[in-house]
Amino acid sequence: DIPMTADLAERVVAAYRRAYPKIRAYWRAVENEVRATGESALPSGRKITYPSLRIGADGLEFQRAAIFRRAKSEGFTNLWYGKLVENKVQAVARDVVFHQTNRLRKQGYPITLMVHDEAVLVVPDAAAEQAKHDCEIAFGSTPPWAPGLPVKGEAKIKEKYVK
């Protein structure tokens, strides 16, 4: 609810970008990587690929998978540095959570459901406290490819799934 003119908004954006030049440099580095290779490498070793990457009228475009296309669309979607970096951040977050839930799976816990940054385990009542403890440890663990990454999780015991 802060009134802001277009001119003021542009000045705020420009001031932010001047104050944090490394962020702008990262945006450009990610975009240049995708332009050069058609993909974005993740710290985990996975890659985000952008099929049929091309330069369109508004910049970079890639062809979306058929299941994500609108009816009768040829399926090309615009890409810009903000979307590329958001994709990369979300993919890294997924890889962190995968590492953590895989740790639990290796301990014998069934991962019943994953929703973004959550995992749901269904365990007998008698095992609930131990499972909660193991979840807190797992969700505080850092993947080997991200040493020093600050992570922390919490666990709750519930009778049914509640978002």
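Is Ser141 buried or exposed, and at what relative accessibility? Ser141 counts as buried because its relative accessibility is 7%; buried means under 20% relative accessible area, exposed means over 50%, and partly exposed is in between (1.4 Å probe, protein chains only). A quick note before the close-ups: this is a predicted model, where local features need pLDDT of at least 70 and side-chain atom pairs count only at pLDDT 80 or more, while totals for chains, interfaces and linings use all residues. Residues are numbered from 1 along each chain as its sequence is written, and side-chain values use heavy atoms, with hydrogens and water left out.

**View A. Ser141 sits in the segment after α4.** Helices (H or I, at least four residues) and strands (E, at least two) are DSSP runs, numbered from the N terminus. Look for Glu118 too: 23 residues separate Ser141 from Glu118 along the chain, and their C-alpha atoms are 15 Å apart.

**View B. The largest pocket holds about 960 Å³ of space.** Rolling a probe the size of a water molecule over the atoms shows where empty space is left. Here a pocket is an open set of points on a 1 Å grid over the protein atoms alone, where a 1.4 Å probe fits, with protein on both sides within 12 Å along at least five of seven lines; lining residues have an atom within 4 Å of a point. Grid points are joined across faces, edges and corners, and the volume is the space filled by probe spheres set on the points. The lining of the largest pocket has 28 residues, and Ala119, Val120, Ala155, Lys156 and Ile157 lie nearest the centre. At least two lining residues come from each of α3 (81-106), β7 (118-121) and α4 (128-138). Sorted by class, the lining has 15 nonpolar, two polar and eleven charged residues. For that sorting, Ala, Val, Leu, Ile, Met, Phe, Trp, Tyr, Cys and Pro count as nonpolar, Asp, Glu, Lys and Arg as charged, and the others, Gly among them, as polar.

**View C. Ala119 belongs to strand β7.** Ala119 counts as partly exposed because its relative accessible area is 22%. Ala155 is 36 residues away in sequence, yet the two C-alpha atoms are 9.3 Å apart.

**View D. Glu154 and Lys156 make a salt bridge, with 3.5 Å between the closest N and O atoms.** A salt bridge here is a side-chain nitrogen of Lys or Arg within 4 Å of a carboxyl oxygen of Asp or Glu. Both Glu154 and Lys156 are exposed. The whole structure has nine salt bridges.

**View E. Arg54 and Glu61 pair up through their side chains in a salt bridge of 2.6 Å, N to O.** Another salt bridge joins Glu39 to Lys47 (3.1 Å, N to O), and Glu39 is partly exposed at 22% relative accessibility. Arg28, Glu31 and Arg35 are also linked, in a network of salt bridges.

**View F. Ser52 has a positive phi of about 55°, although it is not a glycine.** You'll find Ser52 in the loop between β2 (47-49) and β3 (54-56). Ser52 counts as partly exposed because its relative accessible area is 44%.

**View G. Ile2, Met4 and Val12 form a nonpolar patch on the surface.** Patches are built from residues with over 30% relative accessible area and no salt bridge, joining like charges within 9 Å and nonpolar side chains (Val, Leu, Ile, Met, Phe, Trp, Tyr) within 5 Å. Val12 is in helix α1 (residues 6-19) and is partly exposed, at 42% relative accessibility.

Terms used: Areas by Shrake-Rupley, 256 points an atom, 1.4 Å probe, with all protein chains shown as cover.
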